[in-house]
Amino acid sequence: MPTILGQNQYGKAENRVVKITRDGATHHIKDLNVSVALSGDMEEVHYSGSNANVLPTDTTKNTVFAFAKEHGIESAEQFGIHLARHFVGSQEPIRRARIRIEEYAWERIETSDANSKFIGADEVKHSFVKKGQETRVTQITYDGENWEIISGLKDLTVMNSTNSEFWGYVKDKYTTLQEAYDRILATSVSARWRFNWTDDEQKMPNWEKSYEQVKKHMLQAFAETYSLSLQQTLYQMGARIINNRSEIDEVRFSLPNKHHFLVDLEPFGLKNDNEVYFAADRPYGLIEATVLRDGCEPKIPVDLTNL
């Protein structure tokens, strides 16, 4: 045979599942976008078209919704673990399952006091508004023995309006950028972090607490670092996470520099004293790097667009 089959996988992508948990009059929402990818003994379906080892993608979709009912959704990570364990454990031809999940957060709408002429805040416990701007993500991979959990977030836009400089860089005949000793530093954070929980004998992390704490340390490092470069800020964000969260061994960042350029107001007889900026959406500098716990090997893909 002049050709052979290489890596392959299949599954149902982007299953949008919303789980409402009703605790009396108080409701809780989990809003997920779940993608399932399965691989294993799938040569024949490619070579001859035999579906003998194929679990239909429609079945994987149904499983996502059924598991939302049967197991609930404690966290994106825990839900993905349930799914991956099921697909690998219940279907002999399936040797590896990869579950990718995006989570969209909601928070309760703050209502008026109980003396309102309407329902009253003490009775309204089922109304929500989408929370924040970032999207929480996770990828769960399981081969029947070992787990790999990589979680993170994307589209978290942050800004420091001062305490940022950029100077002392290489200059050649094409360099026109002026050195800045007080500038705006802004970026839209895309980050992934890898847990060192890899098998069922280990104590499982508290996924919800871990996410909140990682985000907290990330934001605190961004705010508290006097930045001479976005690279320096990136490293401090990753180091703060590694130093404070023992369950995480690796963090990968992709940080587009949201450039803010001072507007020249002199033609109008005005002095721009670091007050008025033009926010440019493109082109943008793109700063990317991995921060590791000492002694650990990098495993998060360099290109986060496929994770």
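This is a predicted model: local features need pLDDT of at least 70, side-chain atom pairs count only at pLDDT 80 or more; totals for chains, interfaces and linings use all residues.
1. A word on naming before we start: helices and strands here are DSSP runs, numbered from the N terminus.

2. Staying with N274, its backbone deserves a look: phi is near 55°, a positive value in a residue other than glycine. The relative accessible area of N274 is 33%, so this residue is partly exposed.

3. You will find N163 in the loop between β7 (147-160) and β8 (185-195). Its relative accessibility is 39%, and N163 therefore counts as partly exposed.

4. One more backbone feature to check on your screen is the peptide bond from R282 to P283, which is cis, with omega near -5°. P283 lies in the loop between β11 (277-279) and β12 (286-292).

5. Now to the annotated positions. According to the unreviewed UniProt entry, the annotation "binding site" covers T57 and N257. These two are spread over 201 residues of sequence and are also spread in space, up to 39.5 Å between C-alpha atoms. I would look at each in its own surroundings.

6. T57 belongs to helix α2 (residues 57-70). Leaving aside residues up to four places away in sequence, T57 touches Y10, G11 and K12. With a relative accessible area of 26%, T57 is partly exposed.

7. N257 sits in the loop between β9 (248-256) and β10 (260-262). Is N257 buried or exposed? Buried means under 20% relative accessible area, and N257 has 10% relative accessibility, so it counts as buried. Again leaving aside residues up to four places away in sequence, its contacts are R183, L185, A186, L230, Y284 and G285.

8. Finally, a helix pair. The axes of α4 (residues 207-224) and α5 (residues 230-244) come within 8 Å and cross at roughly 140°. Angles over 145 degrees would count as roughly antiparallel; α4 and α5 are therefore described as oblique to each other. Their crossing is right-handed.

9. Which residues of α4 and α5 make the contact? From α4 come V214, H217, M218, Q220, A221, F222 and E224, and from α5 come T233, Q236, M237, R240, I241 and N244. By type, the residues of this contact of α4 with α5 divide into 6 nonpolar, 5 polar and 2 charged.

Terms used: Residues are numbered from 1 along each chain as its sequence is written. Side-chain values use heavy atoms; hydrogens and water are left out. UniProt positions are given in the numbering used here, feature names are shortened, and annotations may be inferred rather than shown by experiment. Helices (H or I, at least four residues) and strands (E, at least two) are DSSP runs, numbered from the N terminus. Buried means under 20% relative accessible area, exposed over 50%, partly exposed in between (1.4 Å probe, protein chains only). Contact means heavy atoms within 4.5 Å. Axes are lines fitted to C-alpha atoms, for helices over the stretch in contact, and angles run from 0 to 180 degrees between N-to-C directions. Angles under 35 degrees count as roughly parallel, over 145 as roughly antiparallel, 65 to 115 as roughly perpendicular and the rest as oblique. A crossing is left-handed if the near helix is turned anticlockwise from the far one by less than a right angle, and right-handed if clockwise. Ala, Val, Leu, Ile, Met, Phe, Trp, Tyr, Cys and Pro count as nonpolar, Asp, Glu, Lys and Arg as charged, and the others, Gly among them, as polar.
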